[in-house]
Amino acid sequence: MTANQNNSVSASPLAPDWLAVPENLNALHKPMWAAGVERNEGGELAIDGVTVSELQRQFGTPLFVMSETDFRARARAFQDAFNEAFADICGGVDVYYAGKSFLCTAVVRWVEEEGLRLDTASGGELAVAARAGIPGAAVALHGNNKSDGEIHRALDMKLGRIVIDSLAELERVAAIAANRGETAKVMLRLTPGVHAHTHEFIATAHEDQKFGLSMAGDSTDQAGLSAAEEAVAAAAGHDSIELLGLHCHIGSQIFEPDGFALAAEKLLDFLAAMQSKYSIVLPELDLGGGYGIAYTPVDTPRPPAEIARAMAAVVRTKVAELGIAAPRISIEPGRAIVGTSTFTLYEVGTLKTVRVDAPENGAENVTYPRRYVSVDGGMSDNARPVLYDADYSAVLASRSSDAAPQLSRVVGKHCESGDIVVRDVYLPEDVAAGDLLAVPGTGAYCWALSSNYNYLARPGVVAVRDGSVRLIVRGETEQDLLNRDMGV
């Protein structure tokens, strides 16, 4: 990193190409932050007027800090945008919040109050839904390996839909429902063979993975039907099954609309084929979620209205081409609602600077500094960087600084060299032990994937609204961890 004649700072050769040196280290790139997050007159980060130092004093660090106002606004934005875009096609859209991104009883209540439904993926998530009091008819259950207990719980709660993931599961659900003298409302999750532009581990609509019923021609059925078509025929033959329709999910953190459009077209083609071949009219179609958010300044998420209009145009054109009635559409945003609503607050501990070789202008390698900034959390509260090579950003939160930017790597305190919170970020040179850092965009899949690695207690979650803050998930204590140790 070198100074230019105009006293600006040039980018370090160690930084990735997309990472520019910020003109102002104290500025906040708004797409990454919840509404209501600002620096106060003293330069300290605050959310709805509550400063990070006050949050640390009350609740400690690490800490997930969520804007309830922002969460609710994003939920309403999806509901309103999709209802408007699809009003003339199918009367509106059912928006299911994908609970796997982050779930607690408070969030379930916000979801219900904002008019959304809830998507769950386990018995534990169903338990949270039941505790929050949301009607079962507004809840869906996903999962590629549902237990008999989870299926029974879904029927006990009279869930609005059970999303079937395989032929074997269809038979199990049908048998359990028949033994209870009940009818299970189900959707069939299909894999349309769409390759989304995202990380391999979060792309879920290609053939070679664990989810869904293949729409390709290979099948165990002697007639050569696809697994998807075989499932439709089988479901129609069970008195204990009410087949609502089809479902797909092409992946997560997706910015380009092409994959969603192609998946919608393929499923509508399949729906029309089933209607023609078997006279089976499937009244619902769930197009999943996976809409991307801004984790770094170069991420460009699309607003809900733009996503809705693009998807509606495809569905409108396709059903007209096929000459069929439009099914009721549903979607499942999770990350796009909760991700940006939350940041994680850390306290800085040790710092060190290393020298790394890098080429300069085609010449021999030159050594450049990279600073490691250690914080009091890490992969136990954010496993996404080590799982998906996920990129994040960070800012000095407890104060402003006029110091020069220095390329930094924010790392955790775990006994793993891969314990990286933010791989590359420019932070002020004067960052020191005791400072607070804030990492935006941590509302989705951070707390949900948290662990007790190295026997660290998982952080708490606070919700801020209109200048008041309350704890919605209590942070663990060492005693909580020891209570599970039976001492045998």
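# Exercises on a predicted protein chain

The accessible surface of the protein chain (Shrake-Rupley method, 1.4 Å probe) comes to about 20,500 Å², and 48% of this surface belongs to carbon and sulfur atoms. The model is predicted: local features need pLDDT of at least 70, side-chain atom pairs count only at pLDDT 80 or more, and totals for chains, interfaces and linings use all residues. Residues are numbered from 1 along each chain as its sequence is written, and side-chain values use heavy atoms, with hydrogens and water left out.

**Exercise 1.** Determine how the radius of gyration of the protein chain stands against the globule rule.

*Solution.* Step 1: the rule is 2.2 Å times the number of residues to the power 0.38, and the radius is taken over C-alpha atoms. Step 2: for 488 residues, a compact globule would have a radius near 23 Å. Step 3: the protein chain has 24 Å, which agrees.

**Exercise 2.** Describe the surroundings of leucine 170.

*Solution.* Step 1: leucine 170 is found in helix α6, residues 167-179 (a helix is a DSSP run of H or I of at least four residues, numbered from the N terminus). Step 2: leucine 170 counts as buried because its relative accessibility is 1%, and buried means under 20% relative accessible area with a 1.4 Å probe, protein chains only. Step 3: not counting residues up to four places away in sequence, leucine 170 touches Ile164, Ala231, Ala234, Ala235 and Ile241 (contact means heavy atoms within 4.5 Å).

**Exercise 3.** State what share of the residues in the protein chain is buried.

*Solution.* Buried residues make up 53% of the 488 residues.

How values were computed
Buried means under 20% relative accessible area, exposed over 50%, partly exposed in between (1.4 Å probe, protein chains only). Helices (H or I, at least four residues) and strands (E, at least two) are DSSP runs, numbered from the N terminus.
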